Amino acid sequence: MNSEYSKAKEKLLAAADSDCQQFFIKNSLVLENAYYELLNNNPVNARKLFLQISDMDIRAHWGAFISAMVTGKIDEYPSYFELRNFFEIDLNLFLQRYLGNYVENIVKYLDWLCTINPEVHKFTGRVFLKNGYTEYGLFYLNRAQDYFFQDPELHYLLAEYFVSVNDLDNANISLKNCLKILPEYFPAINLQKKLNINCK
């Protein structure tokens with residue numbers, strides 16, 4: 001079943017036909033079936049499925065929450081760890097599947113979600129950057145500085161953005177901020193060497 005499961009999961013993530021859903025139903029894989037519904041723009045059906053197992057599975061509890069959030073109807077709180085572990089993954093999936101309506105509803109709640117986990121704007125900025133929405137990425141990374149300035153990874157991501165637009169002066173500032181907070185932060189040291197910038 002492992003190879004069949006892997007194939008079905010690949011199809012799910014690649015937006016393939018409904019064969020994978022039939023596999024999930026046949027093998028009582030409720031979580032995967034719920035994600036199939038969610039990624040196929042059926043958040044109400046997805047939520048019902050997630051709720052069947054949400055008491056036993058933290059990912060399902062998160063799935064029930066995000067299924068409500070993408071419809072603009074929140075009735076509970078996610079946990080700090082749910083946001084840390086699942087938010088970025090799912091936001092990335094929604095962008096890759098062109099579920100713009102989901103993304104629009106999620107970003108409406110970012111300031112509130114940030115009161116639960118202050119890294120949420122950073123997660124959002126990184127997802128937008130990695131998917132080619134660089135201006136949105138920069139906007140959310142800048143918002144993250146208002147909440148979580150002492151995060152070295154945040155400044156490193158800003159440095160990456162500035163390098164991508166050939167703004168080495170601001171890349172230098174971001175790398176300095178990063179290494180001021182955490183002098184041993186290897187990705188920043190590595191980028192510094194690549195750019196031959198002195199960030200001491």
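Which residues have the most contacts inside the largest nonpolar core? In this predicted model, local features need pLDDT of at least 70 and side-chain atom pairs count only at pLDDT 80 or more, whereas totals for chains, interfaces and linings use all residues. Residues are numbered from 1 along each chain as its sequence is written, and side-chain values use heavy atoms, with hydrogens and water left out.

**View 1. The largest nonpolar core has 34 residues.** Leu38, Phe50, Phe87, Phe94 and Ile106 have the most contacts inside this core, a core being a set of buried Ala, Val, Leu, Ile, Met, Phe, Trp, Tyr and Cys residues joined through side-chain atoms within 4.5 Å; buried means under 20% relative accessible area, exposed over 50%, and partly exposed in between (1.4 Å probe, protein chains only). Among the elements giving two or more residues to this core are helices H3 (30–39) and H6 (80–96), helices (H or I, at least four residues) being DSSP runs numbered from the N terminus.

**View 2. Arginine 59 and aspartate 90 form a salt bridge.** Their closest N and O atoms are 3.0 Å apart, a salt bridge being a side-chain nitrogen of Lys or Arg within 4 Å of a carboxyl oxygen of Asp or Glu. Both arginine 59 and aspartate 90 are buried.

**View 3. Glutamate 88 and arginine 126 meet through their side chains in a salt bridge (2.5 Å, N to O).** Because glutamate 88 lies in helix H6 and arginine 126 in helix H9, the pair ties together parts that are 38 residues apart in sequence. Glutamate 88 counts as buried at 19% relative accessibility, and arginine 126 is buried with a relative accessible area of 14%.
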